[in-house]
2 protein chains.
Amino acid sequence: MLGRVASGSILPPTIRQLLSGSATDVRVKVNGWVQSVRRQKNVTFAVISDGSSTQGLQAVIRDGSLAEVLTNGASVSLGGTLTHSLGKGQDKELRVEEVQVVGECDPATYPIQKQALTMEYLRDNCHFRARTSRISEMLRLRATSSDAFQKFFNSLGFCYVHTPIVTSSDCEGAGETFRVISAISDLSSEKDTDKPSEFFGHPAYLTVSSQLHLEALATALSRVYTLSPCFRAERSQTSRHLSEFWMLEAEWAFTQTVNDVCSVVEAAVKDGITKTQAHSRTFAEGPSSPRILEYLHTASSTAPWTRLSYTDAVSELSKYQASARKFQFEPAWGKPLQSEHERWLAEELVKAPVFVTDYPASLKPFYMRLNDDDKTVACFDLLVPHLGELAGGSLREERSELLNNALERQELDKAQYGWYTELRKYGGAPHGGFGLGFERFISWISGVENVRECIAVPRWAGRMLL
Amino acid sequence: MLGRVASGSILPPTIRQLLSGSATDVRVKVNGWVQSVRRQKNVTFAVISDGSSTQGLQAVIRDGSLAEVLTNGASVSLGGTLTHSLGKGQDKELRVEEVQVVGECDPATYPIQKQALTMEYLRDNCHFRARTSRISEMLRLRATSSDAFQKFFNSLGFCYVHTPIVTSSDCEGAGETFRVISAISDLSSEKDTDKPSEFFGHPAYLTVSSQLHLEALATALSRVYTLSPCFRAERSQTSRHLSEFWMLEAEWAFTQTVNDVCSVVEAAVKDGITKTQAHSRTFAEGPSSPRILEYLHTASSTAPWTRLSYTDAVSELSKYQASARKFQFEPAWGKPLQSEHERWLAEELVKAPVFVTDYPASLKPFYMRLNDDDKTVACFDLLVPHLGELAGGSLREERSELLNNALERQELDKAQYGWYTELRKYGGAPHGGFGLGFERFISWISGVENVRECIAVPRWAGRMLL
């Protein structure tokens with residue numbers, strides 16, 4: 001009985017449900033917003049969107065008095081008959097018999113006008129921009145992607161978990177964190193004492209990664225993943241960084257090689273590409289339409305993706321630099337790969353996604369597992385054409401002594417990581433995992449270049465609307 | 001091809017997958033933690049758990065030298081044959097031929113001993129407590145619940161969205177918020193100036209509810225929902241409150257009555273009860289086993305749930321108080337319902353979940369839609385036996401003038417809510433929604449009384465481990 005209730009009788013069908021259903025020549029009521037109005041002599045055509053699908057519903061209004069009240073952006077409730085459409089571009093249309101404007105919209109002052117609006121303008125009108133077809137498509141793409149990743153990990157026996165947002169530790173040790181204080185133990189009172197009164201008894205930060213907490217849960221549930229907000233107080237203003245962003249992170253026990261970790265990431269991303277194809281096709285028709293379909297096709301059909309050690313990558317980069325001298329930064333073993341290097345590896349050398357593995361320990365965080373060469377760690381960065389770094393991961397150091405050495409080498413407070421090292425002391429297991437920038441994935445799948453357009457309500461240094 | 005990869009060939013099967021599969025008399029390798037060891041003269045039985053299911057796998061070891069190394073809590077990799085079990089309590093067992101301890105665990109000092117551990121002790125050992133059967137079952141219940149809610153809302157045409165965590169507004173106006181500052185623009189520098197330098201240019205807070213942002217998205221996508229972390233800097237230490245908790249929130253346009261909103265909530269919660277039955281049964285066998293199955297059965301079979309106006313509720317409470325004088329707080333129209341009142345309504349008067357609707361406007365936030373009586377608002381609280389308030393929601397005031405009046409009456413800064421009132425000015429629509437405390441739902445479904453045991457890593461005033 002619940003099944004029937006849940007399958008749609010509580011709420012009337014959405015436009016997506018109407019368009020994908022088989023029923024025609026039935027009386028329906030359609031709610032939505034007027035996307036466009038085209039008035040002809042004896043008939044008016046309006047496109048109604050309720051945000052449930054890429055395509056709106058074509059409404060055909062023969063009664064001029066009914067059509068009069070329709071303006072762009074108004075919210076309306078239309079009664080009529082859903083019929084097969086004889087026109088081009090749609091299978092079905094609504095022959096309108098009844099029109100009710102439930103929310104007026106003054107076309108003269110409405111911030112979302114028909115003409116193309118700049119991304120910057122839409123960022124300033126963040127509360128309205130989901131009404132544009134491009135941003136609403138991006139939001140549907142996020143939902144489809146999230147669903148795809150969840151199904152993928154569930155099928156592999158992973159448990160979806162919620163890790164804390166407020167935390168005492170700084171996973172990457174990068175320092176670019178946000179602090180959390182109680183608004184009431186407010187700043188003015190702090191002037192009298194040396195320290196702010198801490199709500200939690202000690203300093204609290206916004207998480208930069210769920211990884212350490214996932215590791216604790218992976219030593220109990222074996223396979224865990226989350227899609228969770230993360231935060232960086234970065235002041236740099238690039239098209240790839242947000243102060244608040246979402247990360248897909250997975251962690252699992254009893255995995256032995258970085259190659260095995262890469263295989264899970266590769267399968268997850270390929271599955272994600274496949275499940276979001278319809279969205280990619282829609283974006284490919286859009287104004288900025290880069291070669292999305294081309295590079296996604298290459299990525300999802302090339303099997304398996306190339307895996308290249310950092311050492312080999314630097315050697316390839318050096319060879320190219322020796323002959324072409326195109327890089328601003330000289331490639332050298334022990335130095336970080338620059339953005340120009342990463343792009344060349346994915347776009348020129350491999351021409352497809354590539355895993356670069358086994359970076360020098362000195363370039364990576366303390367928790368990555370040391371390789372037998374004592375110099376590199378069992379990690380990878382996944383570099384993809386037209387984006388750069390999409391994901392990163394590693395085996396985690398499960399050997400207590402080596403973990404302690406790494407903490408010392410990086411001058412981290414051992415006491416703060418006491419619980420983390422204890423995970424190794426009692427029933428620890430070889431394990432690994434990765435993190436994938438969700439907005440970067442959305443950007444890559446859609447070809448929308450700036451991640452500020454890949455999240456509903458973006459935040460960056462100096463900017464927080466709503 | 002991707003499908004095959006995704007369906008399990010990348011990673012070996014989990015114990016759950018092995019137990020639910022049909023294959024027996026096959027060679028398998030099983031990874032997990034030793035949950036218990038029972039040594040008999042010629043054979044040793046060990047239960048191995050990998051956290052993928054309630055039930056562990058029984059391992060039968062006939063070779064004494066192999067069994068020697070098994071201790072509680074150790075992580076092991078066992079090779080052997082999966083066979084039908086002749087013993088009681090399980091269908092399958094593993095005849096062990098090979099044992100590898102991959103992570104030792106000193107039984108003398110291991111914090112998770114076999115005897116019953118107090119909840120308080122486990123909170124202090126938060127990094128280990130997911131290894132107990134009770135907490136791991138709770139984590140699997142969270143995953144099942146989240147999946148059930150997502151499927152339910154997807155089937156009704158809702159779009160899953162991510163709303164911001166860092167925000168400029170305080171939805172409930174309660175003041176118990178956390179502030180977010182950059183750790184680098186640190187507190188010491190604030191002593192020199194009057195104000196801290198704000199990373200975002202103006203004060204930032206952790207969200208207390210996603211509602212206002214969901215409303216903006218609902219005027220574009222019609223139907224949206226999220227399962228998102230929320231934060232309250234509450235100092236009260238109750239079994240129902242956390243500083244960081246998760247809320248299921250949904251918001252949809254073109255809904256006209258609070259009864260319609262209640263119907264969606266009722267269907268969602270009933271569906272949730274049905275989909276999590278297996279977990280409830282497991283918890284019902286546990287130590288605190290209250291009448292979970294009984295009250296859940298009543299809740300899911302009574303159709304529809306009682307809906308009672310606040311006015312009628314106060315009248316019932318007053319009648320009862322007049323005769324029985326059991327309440328500490330005198331019930332009176334215009335005063336909030338106290339916890340004792342709420343419990344009496346659900347547990348004594350209705351003996352099932354009950355929606356109390358249409359509270360006085362003075363008791364509720366500014367955004368709730370004013371009823372025609374000019375005194376009450378179109379809202380509800382869902383009260384359930386053995387818990388109290390599980391969810392709350394309302395129609396939202398979509399009439400600009402009345403919304404402005406409410407902002408004035410509650411002395412809120414109109415400029416701060418400019419974007420929110422603009423949503424009404426251009427293509428607004430009647431809409432409503434609700435929020436359901438996810439940990440409260442988990443507590444109700446499991447009978448686990450304190451919400452601190454209903455989340456992986458709990459945070460409350462004075463307490464933030466990990």
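Trainee: So helices (H or I, at least four residues) and strands (E, at least two) are DSSP runs, numbered from the N terminus. At what angle do H9 and H10 of chain B pack?

Mentor: Helix H9 (residues 277-284) and helix H10 (residues 292-301) of chain B pack at about 150 degrees, and their axes are 9 Å apart. Axes are lines fitted to C-alpha atoms, for helices over the stretch in contact, and angles between N-to-C directions run from 0 to 180 degrees. This is a predicted model: local features need pLDDT of at least 70 and side-chain atom pairs pLDDT 80 or more, while totals for chains, interfaces and linings use all residues. Residues are numbered from 1 along each chain as written, chains are lettered from A and ligands numbered from 1 in written order, and side-chain values use heavy atoms, without hydrogens and water.

Trainee: Which residues make the contact?

Mentor: From H9(B), B:Ser280, B:Arg281, B:Phe283 and B:Ala284; from H10(B), B:Ile292, B:Leu293 and B:Leu296. Contact means heavy atoms within 4.5 Å.

Trainee: New topic. What rotation superposes chain B on chain A?

Mentor: One of 180 degrees, with 0.0 Å of shift along its axis and an RMSD of 0.0 Å. That is the relation of a two-fold axis. The superposition is by least squares on C-alpha atoms of residues with pLDDT of at least 70 in both copies. In chain B, the C-alpha of B:Val180 comes closest to the rotation axis, at 2.4 Å.

Trainee: How many residues of chain B are in contact with chain A?

Mentor: 127, against 126 residues of chain A. Of the interface residues of chain B, 99% are also interface residues in chain A, so the copies meet through the same surface.

Trainee: How many salt bridges are there between chain B and chain A?

Mentor: 0. Over all chains the count is 48. A salt bridge is a side-chain nitrogen of Lys or Arg within 4 Å of a carboxyl oxygen of Asp or Glu. One joins the side chains of A:Glu251 and A:Arg396 (2.9 Å, N to O).
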